[in-house]
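Subject: Structure handover

Hello,

Here is the structure you were going to look at. Please read the notes under it alongside the coordinates.

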2 protein chains.
Amino acid sequence: MARKTKADKEKTYQALIEAAAELFRSQGFTATTLNEIAERAGVTRGAFYGHFSSKSEVIQAIWEEQALPFFEPIKDTLLNLPQDKPAEAFRQQINSLLELFEDNNIVGRAFFIIMHNMEISDKDKELVEFLSDKYKLYEQVLCCAYKKLGEAGNLKQGVNPDHAAMGFLYILIGMINMALLPFGDFDYERDGYPVFEHYLNSVLMD
Amino acid sequence: MARKTKADKEKTYQALIEAAAELFRSQGFTATTLNEIAERAGVTRGAFYGHFSSKSEVIQAIWEEQALPFFEPIKDTLLNLPQDKPAEAFRQQINSLLELFEDNNIVGRAFFIIMHNMEISDKDKELVEFLSDKYKLYEQVLCCAYKKLGEAGNLKQGVNPDHAAMGFLYILIGMINMALLPFGDFDYERDGYPVFEHYLNSVLMD
DNA sequence: CAGTAAACATACATACGTGTATGAATAAAT
DNA sequence: ATTTATTCATACACGTATGTATGTTTACTG
């Protein structure tokens, strides 16, 4: 095939990323073949190998280029909650996070892929390490945020910050799981927000 | 190879189920090959095809023969919570459920596999339907139980039964996810119970 | 105590996924 | 304008997973 312009190359790159993310989400990482990715992107495997050297490399690209730019600011805010009214800032960031999932499909998919990394465990050690690092990062960020909330006296009495953080993470994982299921009709407004609202109300002082 | 006794046949059957469940959990359904299952069970693929006609059939067997007998009584109790002190009965069943995960590995694995069914979606329609049915069943059982709790006046004021049920399911999924991750060291006593305890306390009247 | 059928191993045919090597056509460089 | 380099398709080689056909031994059956 003929050579394309640089802009065209970028387009195929994005198409490959998009296709891979959607296929990983809907069929899982292992079940998705390079042929399927290429076909969905409107190219062949030849194009794929021009951009990536393996399937694992795509996940890392999805994370770093698509999800990270959205997550980074939220993460930073959570790690540095203000001394005054940290609960308010916390709620705000959580809402940003949920809106992210609602609006930007690729971020939800990336998060989902990370959360379901065990699917590919054992067979690709390096990738598992990459994914588990991300997982642990989420945990740390949440624990840190809740610790701050506790220090600022914004947690209800008897609420253990670590337990609260874990509970939050569980709910987050469960909700994303639900939201991206191939069947069912998940609706954030109806099935997502109220649950978080209730959980935050049960944990935070106002 | 020589013919075995009926008891021996049953042993290989169980060995295949056990092997498959553990491999599905640790590597995922798609990534697990029939050779791996057979090898882990100490037989060859010839034996596998004597008992099952495909990989999908194994999941259904795992569910129906291994997990269902444990779940059924809990499910029935949740669907028929007593009029007086339903909250107490509910707590008790949830504890039974969690103990099940803690003690009986195959139940946890079965639950996990069901919860992560999207991994195999799209490619095996029939299996996806089977799995999604189970998923929806969980949801219904929980919603029914919380509805009963609400009617009996056992939910705290302002708690929507459906939202509470969803939140519970999210936490359950998230916890199982966490518990069966290949990395990390999940401990039910430390990471499971307290979260449920807190959640139930925030939802139920005592 | 034959004869049969069952339980499982072995071997084979087929399909498919991956990765690489090659080639064509044209954008970019000089 | 010519050359070079690049983007991607095509073709090939290899490994591996599946499913089936066949064979072997022995438990079961009458």
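Below are the notes on the domains and on the interface between them.

This is a predicted model, in which local features need pLDDT of at least 70, side-chain atom pairs count only at pLDDT 80 or more, and totals for chains, interfaces and linings use all residues. Residues are numbered from 1 along each chain as its sequence is written, chains are lettered from A and ligands numbered from 1 in the order in which they are written, and side-chain values use heavy atoms, with hydrogens and water left out.

Chain A is assigned domain 1 (1-53) and domain 2 (59-203); the bounds come from an automatic or database domain assignment. The centres of the two domains, taken over C-alpha atoms, are 28 Å apart.

Contact (heavy atoms within 4.5 Å) involves 13 residues of domain 1 and 13 residues of domain 2. The buried area between them is about 1200 Å², with 63% from carbon and sulfur atoms; this is the accessible area (1.4 Å probe) that two parts lose on being put together, summed over both. On the domain 1 side, A:Ile17, A:Arg25 and A:Phe29 lose the most area to domain 2, together 46% of what that side buries.

Regards
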